[in-house]
Amino acid sequence: EPFVADEYIERLAWRTPGGGSRGGEAFDPKRLLEEFVNHIQELQVMDERIQRKVEKLEQQCQKEAKEFAKKVQELQKSNQVAFQHFQELDEHISYVATKVCHLGDQLEGVNTPRQRAVEAQKLMKYFNEFLDGELKSDVFTNSEKIKEAADIIQKLHLIAQELPFDSLMGFCSSPHSSAGKYHDLECQLIQEFTNAQRRGEISRMREVAAVLLHFKGYSHCVDVYIKQCQEGAFLRNDVFEDAAILCQRVNKQVGEVFSNPETVLAKLIQNIFEVKLQSYVKDQLEEHRKSDAEQYLKNLYDLYTRTTNLSSKLMEFNLGTDKQTFLSKLIKSIFISYLENYIEVEIGYLKTRSAMILQRYYDSKNHQKRSIGTGGIQDLKERIRQRTNLPLGPSIDTHGETFLSQEVVVNLLQETKQAFERCHRLSDPSDLPKNAFRIFSMLVEFLCTEHIDYALETGLAGIPSSDSRSANLYFLDVVHQANTIFHLFDKQFNDHLMPLISSSPKLSECLQKKKDIIEQMEVKLDMGIDTLNCMIGQMKHILAAEQKKTDFKPEDENNVLIQYTNACVKVCGYVRKQVEKIRHSMDGKNVDTVLMELGVRFHRLIYEHLQQYSYSCMGGMLAICDVAEYRKCAKDFKIPLVLQLFDTLHALCNLLVVAPDNLKQVCSGEQLANLDKNILHSFVQLRADYRSARLARHFS
């Protein structure tokens, strides 16, 4: 512990008798002083003794330091001597090594020809045995030395090929010629490889394959390996999955057996494609090729897809430099005979299937399709002109049937969607846009022309004439369904056709065809404007049946209890239903366009209707109430022009009840100031009191 003087003095005083209050003893300073003096003397003695010891140790340390320095100097001298000896030894070793290398080169120069001479002597000996026809050497008779025998036979076979023709014929005629032994040994090696493969002895397979590498039968060895690899590999129904598993297993093993694993694996894959897969594809497709086009196309698409998926998995393996081209050629070799005429089969099936779907629908409706006009856009526009300027012929009663079916449309679009998917997968990239356009043309023909266009034509023919009492306006239902269907058609155009043609010249052709279809349908929808004539005709029938002359010229002026006439109530109810139906059947700007046309015609009808009657004062008030109700109905159109027309008509009706003195003031009002004076005069003439001189004078 560190020395603390104060604590040391305290302990010393505490141990001294009389130095403190311990045990009740009195304090004795003399004894304490005496104890301090004695203790100081002891410390001085101890200090002197320790000092002497320190000096002695210092002297000893200095002596040992000198001895150590002397020893280090001696070691340095010894190290220098040893280093000199090491350099001398290194030089001597280098000299000896040079001599040894030179001697080795001389020995090798002598030994190599000697070894070659020995090898040549052995080969000559073996060659003589073949010439004599007696194979006595142990290497030929001992089956365990087949590797050494194979090496000898290979060399003899090469020598025999260099002999002159006469000597070669004599040598080959020997009963035990090297050629025969070459063939026998080759067969033995292949059999040995086969047995080793069956036993699963990879090391023995690798050894035999290395020996056979220099033989002509090496390729046969590879063939045997490929054949045995496939034994028991294709036991399930899924030949593609079996092939993938087999190649995965062989890929791990082939590198341990052969020196060129990528070539062997590529040959295995080629064998699987050209034998197993080609046979399987042929069995699956030929069964339905002529009898069932639908199943044939489904099988072709499925098989081609699974084959390309298998090819993608095989891309992970090392098959050489250009494995993409290699696998593509294998796939093409299997499917080329089926892909050449694929699009013809596709179009033929699509045409038959689409026609069957439509015919089945019309048969379910007990409907016999009639021929419709097939002219172009200009012909349609001419038909519009004729229908709007000439009275309509007799209409066809469709019994409320639109002849449009969501189920039919979904089926047609589904068939076309599958056709687009098959086209994308099975078509050559250069033919893809052209083939996709042909499929699109089929969709246009059967969905747009044969179904939607036919329904529009039938709907147009079913529109009643304007003077008909029939209120069945089913054409709006046709418009609604046709609009919905065309949205589905447009979605498939964007989702499935556009990706196939987006970067080809066929894009503009498809867009133009689609534009022509839209324009053709819009023209036919425009022809449906006759529906508005029917609506106006129904309103005329209601007004003619319900409106009475006494409504606006009651016999008892003081006993009128109704707010508006019964004809007004029924017309407004009918108009509101038609407005709602139009909104439900159309979308976009078409709604506003049709409602504006209907609103203008509605206003013209009411305007002309009101001018057929003479109005008393109370009758005029009732006419104003009717027009107010008509104006309220016009608000449902949400068309500013229509509402403005009825506001003006309401202002005109005020001329029927205003006091004669105020006529000029009312006519100069904001709503009537811009109207032709003849219009104002025509309304004033409807007043029952018009012929009075006072009224005529005020209006003049």
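**Loops, helix packing and cysteines in a predicted model**

Student: Lys 638, is that buried or exposed?
Tutor: At 67% relative accessibility, Lys 638 counts as exposed, because the cut-off for exposed is over 50%. Keep in mind that this is a predicted model.

Student: Where does Lys 638 lie?
Tutor: Lys 638 is in the loop between H22 and H23. Its phi is positive, about 60°, although Lys 638 is not a glycine.

Student: What about Asn 366, what is its phi?
Tutor: Asn 366 also isn't a glycine, and its phi is positive at about 55°. That residue sits in the loop between helix H13 (342-364) and helix H14 (377-389). Asn 366 is exposed, with a relative accessible area of 75%.

Student: Back to H22 and H23. At what angle do their axes cross?
Tutor: Roughly 170°, and the axes come within 9 Å. Helix H22 covers residues 617-635 and helix H23 covers residues 640-653. Angles over 145 degrees count as roughly antiparallel, so H22 and H23 are roughly antiparallel to each other.

Student: Which residues in H22 meet H23?
Tutor: From H22, the residues are Ile 624, Val 627, Ala 628, Tyr 630, Arg 631, Ala 634 and Lys 635. From H23 they are Val 642, Leu 643, Phe 646, Asp 647, Leu 649, His 650 and Cys 653. By class, the contact of H22 with H23 has ten nonpolar, one polar and three charged residues.

Student: What does His 603 touch?
Tutor: Leaving out residues up to four places away in sequence, His 603 touches Leu 645, Phe 646 and Leu 649. Of these, Phe 646 and Leu 649 are also among the H23 residues that meet H22. His 603 itself lies in helix H21 (residues 589-610), and it is buried, with a relative accessible area of 14%.

Student: New topic. Phe 552, where is that?
Tutor: Phe 552 is in the loop between helix H19 (530-546) and helix H20 (566-585). Despite the loop position, Phe 552 counts as buried, at 0% relative accessibility.

Student: And which residues does Phe 552 touch?
Tutor: Not counting residues up to four places away in sequence, its contacts include Gln 547, Thr 565, Tyr 613, Tyr 615, Gly 619, Gly 620, Leu 622 and Asp 626. Phe 552 and Gly 620 are 68 residues apart along the chain, with their C-alpha atoms separated by 6.4 Å.

Student: How many disulfides are there?
Tutor: The count comes to zero disulfides. Take Cys 572: the nearest cysteine sulfur, that of Cys 568, is 4.0 Å away, and the cut-off is within 2.5 Å, so Cys 572 is in no disulfide. Cys 572 is buried, with a relative accessible area of 2%. Cys 534 is buried as well, with a relative accessible area of 2%.

Student: Zoom out. How many helices and strands?
Tutor: The protein has 26 helices and zero strands. Of its 700 residues, 38% count as buried. Among contacts between residues at least 6 apart in sequence, 76% join residues at least 24 apart.

Student: What does the pLDDT average?
Tutor: The average is 80, and 79% of the residues score at least 70.

Student: Where does pLDDT stay under 50?
Tutor: One such stretch is residues 165-178, for which the model has 21 contacts beyond four places in sequence. Residues 374-378 also stay under 50, and there the model has five such contacts. Where pLDDT is low, the predicted coordinates should not be read in detail.

Methods. Residues are numbered from 1 along each chain as its sequence is written. This is a predicted model: local features need pLDDT of at least 70, side-chain atom pairs count only at pLDDT 80 or more; totals for chains, interfaces and linings use all residues. Side-chain values use heavy atoms; hydrogens and water are left out. Buried means under 20% relative accessible area, exposed over 50%, partly exposed in between (1.4 Å probe, protein chains only). Axes are lines fitted to C-alpha atoms, for helices over the stretch in contact, and angles run from 0 to 180 degrees between N-to-C directions. Helices (H or I, at least four residues) and strands (E, at least two) are DSSP runs, numbered from the N terminus. Angles under 35 degrees count as roughly parallel, over 145 as roughly antiparallel, 65 to 115 as roughly perpendicular and the rest as oblique. Contact means heavy atoms within 4.5 Å. Ala, Val, Leu, Ile, Met, Phe, Trp, Tyr, Cys and Pro count as nonpolar, Asp, Glu, Lys and Arg as charged, and the others, Gly among them, as polar. pLDDT is the predictor's confidence in each residue, from 0 to 100.
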